[in-house]
Amino acid sequence: MHRSIDDNPSTTSSTMRLARLTAGAVTLALLAGCAAPGVSRSPATSDSASPSGPSESADEDFTALESAFDARLGVFAVDTGSGAVVEWRADERFAYASTFKALAAAALVDEVGISGLSERITFGADDLVTYSPVTEQFVGEGMTLMEVADAAVRYSDNTAGNILLDTLGGPAGFDAQLAAVGDDVTNSSRTETSLNEGVPGDDRDTSTPRALATTLREYTLGDTLNVEEEALVTGWLIGTTTGDALIRANLPADWVVGDKSGAGGHGTRNDIGIIFPPNSEPIVIAVLSTRGDRDAEYDDALIADAAAVAVSALGF
């Protein structure tokens, strides 16, 4: 892959063709920045709420969901207004699959700033991996990092995810970025698409519900990014095209939700996100799941139902 600075990306043909992608994300980002004027910008590590209360009231529901879907489920949700949390297997490891793309995009924004996203990356056909609906259109022509991040988060484009990792210095560089914001739990070891294997007991490319939600909270509501950078990342999440059947599925239609999904082997199905209930502080949530067999299918309804249980347990 070749990297260069695009001094005037708005005049290039690739930007013209991707305008509806990036413009949509930026518009949503600006809306997100204005939609929740009372959102607190507290560090993710500031939450010290006891896991008792809401979590205990949801335990029976989570147990029932695991039984009904024959899956292991992990949930961590925090009401950033009250500090109340709901957790279920919150410190157990799960393959994170494509949820990493949201954190990698945020880490990239942290590293290069919005102005640095004008850097252009060119790539060849040999760089493409399975499921790359956006990047496959720009082989040889390249994309700016803004366009790459948009494709990775909103369309879960796997080649775009690999470009993010490469720009951050590979999995090790991504790990270092996460450690810098306090996440020493998430373990990035491989690239797309091997990171999706999800083999039970293999700690590579895994995290926990608590770690993913906490890191997402830091990147969207904490002190790591400035207001404009947070708005951009949040806008990408709100504009995702892959999450309609997941966290947001069973929530009220007037709630704004931004999320990043993931799927992999052994029935891995995940979603991490930020929820904006009207007139309330945001909820940050991670719902992860896996099944025993390598070729097991997943069911989106498990994620949607678990998210609804968590939100209800928080009192919404």
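This is a predicted model: local features need pLDDT of at least 70, side-chain atom pairs count only at pLDDT 80 or more; totals for chains, interfaces and linings use all residues.
Visitor: How many helices and strands are in the protein chain?
Guide: Helices here are DSSP runs of H or I with at least four residues, and strands are runs of E with at least two, numbered from the N terminus. On that count, the protein chain has 10 helices and 10 strands.

Visitor: What share of the residues in the protein chain is buried?
Guide: Buried means under 20% relative accessible area, exposed means over 50%, and partly exposed is in between (1.4 Å probe, protein chains only). Of the 316 residues in the protein chain, the buried share is 56%.

Visitor: Why is strand β10 described as largely enclosed by the rest of the structure?
Guide: Look at both faces of β10: I283, I285, V287 and S289 point one way, V284, A286, L288 and T290 the other way, and all are buried. The strand covers residues 283-290, and it is largely enclosed because the buried ones number eight of the eight.

Visitor: Which residue of β10 is the bridge partner of V75?
Guide: Strands pair here if DSSP finds at least two bridges between them. Strand β2 (residues 72-79) and β10 pair in the antiparallel sense over eight bridges. In β10, the partner of V75 is V287.

Visitor: And in the hairpin of β9 and β10, which turn residue has a positive phi?
Guide: Strand β9 (residues 268-276) runs antiparallel to β10, with seven bridges joining them, and I274 has V284 as its bridge partner in β10. The hairpin leaves six residues between the two strands, and the turn residue with a positive phi, about 60°, is N279.

Visitor: Let's go to helix α5; how many of its residues are buried?
Guide: Helix α5 spans residues 145-154 and is mostly covered. Its buried residues include charged names such as E147, D150 and R154, and also L145, M146 and V148.

Visitor: How are α8 and α9 oriented to each other?
Guide: Axes are lines fitted to C-alpha atoms, for helices over the stretch in contact, and angles run from 0 to 180 degrees between N-to-C directions. Helix α8 (residues 209-221) and helix α9 (residues 227-238) pack at about 125°, with axes 8 Å apart. Under 35 degrees is roughly parallel, over 145 roughly antiparallel, 65 to 115 roughly perpendicular, and the rest oblique. The two helices are therefore oblique.

Visitor: Which residues of α9 do L216, Y219, T220 and L221 in α8 meet?
Guide: Contact means heavy atoms within 4.5 Å. By that rule, the α9 residues they meet are E230, V233, T234 and L237.

Visitor: Where is the cis peptide bond?
Guide: T193, one of its two residues, is found in the loop between α7 (170-180) and β7 (206-207). With omega about 10°, the cis bond joins E192 and T193.

Visitor: Is A97 buried or exposed?
Guide: A97 is found in the loop between β4 (94-95) and α4 (100-116). It has a positive phi of about 50° although it is not a glycine. At 1% relative accessibility, A97 is buried.

Notes. Residues are numbered from 1 along each chain as its sequence is written. Side-chain values use heavy atoms; hydrogens and water are left out.
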